[in-house]
Amino acid sequence: MTLHEAPVGTMARVAASPRTPVHQRLATLGLREGIAVHVMRRTSGGGRLLGIGPSRLAVDRATLQALRVEPVQ
């Protein structure tokens with residue numbers, strides 16, 4: 001599933017993603033393969049606020065749809 005499809009309130013682990021400039025920028029911000037993220041809330045325009053450790057990151061809908069994740073059990 002994509003990060004956009006992950007329900008609010010869930011934890012998900014980022015799966016492998018393509019090496020595009022956008023994905024490389026997100027990796028520098030902490031959103032990289034293998035990291036667990038908490039989908040905290042929706043933002044206007046269909047984005048999400050994500051919790052990554054102690055940090056918070058707002059991500060737009062198009063980027064969320066490009067990121068594959070796996071549920072954390």
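Is Gln-73 buried or exposed? Gln-73 is exposed, with a relative accessible area of 88%; here buried means under 20% relative accessible area, exposed means over 50%, and partly exposed lies in between, with a 1.4 Å probe and protein chains only. Welcome to a quick tour of this predicted model, in which local features need a pLDDT of at least 70, side-chain atom pairs count only at pLDDT 80 or more, and totals for chains, interfaces and linings use all residues. Residues are numbered from 1 along each chain as its sequence is written, and side-chain values use heavy atoms, with hydrogens and water left out.

**Confidence**

- The protein has a mean pLDDT of 91, and 100% of its residues reach 70 or more; pLDDT is the predictor's confidence in each residue, from 0 to 100.
- Among the elements of the protein, helix H1 (residues 21-28) has the lowest mean pLDDT, 84, while S2 has the highest, 97.
- Helices (H or I, at least four residues) and strands (E, at least two) are DSSP runs, numbered from the N terminus.

**The sheet**

- Five strands make up an open sheet, and their order is S4-S3-S2-S1-S5 with antiparallel pairing; two strands pair if DSSP finds at least two bridges between them.
- Strand S4 (55-59) and strand S5 (69-71) are at the edges with a single partner strand each, so one side of each is left without a neighbour in the sheet.
- From one strand to the next, the twist averages 40 degrees; axes are lines fitted to C-alpha atoms, for helices over the stretch in contact, and angles run from 0 to 180 degrees between N-to-C directions.

**Strand pairs, one by one**

- S1 and strand S2 (residues 36-42) run antiparallel and are joined by three bridges; here Ala-12 has Val-37 in S2 as its bridge partner.
- S2 and S3 pair in the antiparallel sense over four bridges, with His-38 opposite Gly-51 in S3 and Arg-42 opposite Arg-48 in S3.
- Strand S3 (residues 48-52) pairs with S4 over five bridges, again in the antiparallel sense.

**Hairpins and their glycines**

- The hairpin of S2 and S3 has five residues between the strands, and Gly-45 takes a positive phi near 85 degrees there.
- In the hairpin of S3 and S4, with two residues between the strands, Gly-53 takes a positive phi near 60 degrees.

**Core and burial**

- The largest nonpolar core has 15 residues, of which Leu-3, Leu-31, Val-37, Leu-50, Leu-57 and Val-59 touch the most other members.
- S1, S2, S3 and S4 are the elements that give two or more residues to this core.
- A nonpolar core is a set of buried Ala, Val, Leu, Ile, Met, Phe, Trp, Tyr and Cys residues joined through side-chain atoms within 4.5 Å.
- Val-59 is in contact with Leu-31, Gly-47, Arg-48, Leu-50 and Leu-64, leaving aside its neighbours within four places in sequence; contact means heavy atoms within 4.5 Å.
- S3 is mostly covered, as five of its five residues are buried.
- Both faces of S3 are covered, with Arg-48, Leu-50 and Ile-52 buried on one side and Leu-49 and Gly-51 buried on the other.

**The two ends of the chain**

- Met-1 is found in the segment before strand S1 (11-14) and is partly exposed, with a relative accessible area of 32%.
- Met-1 and Arg-68 are 67 residues apart in sequence, yet 5.8 Å apart in space, C-alpha to C-alpha.
- Leaving aside neighbours within four places in sequence, Met-1 is in contact with Ala-6, Leu-67, Arg-68, Val-69 and Pro-71.
- Thr-2 also has its place in the segment before S1, and Thr-2 is buried, with a relative accessible area of 11%.
- Not counting residues up to four places away in sequence, Thr-2 touches Leu-64, Gln-65, Leu-67, Arg-68 and Val-69.
- Gln-73 lies in the segment after S5; Gln-73 and Ala-12 are 61 residues apart in sequence and 8.7 Å apart in space, C-alpha to C-alpha.
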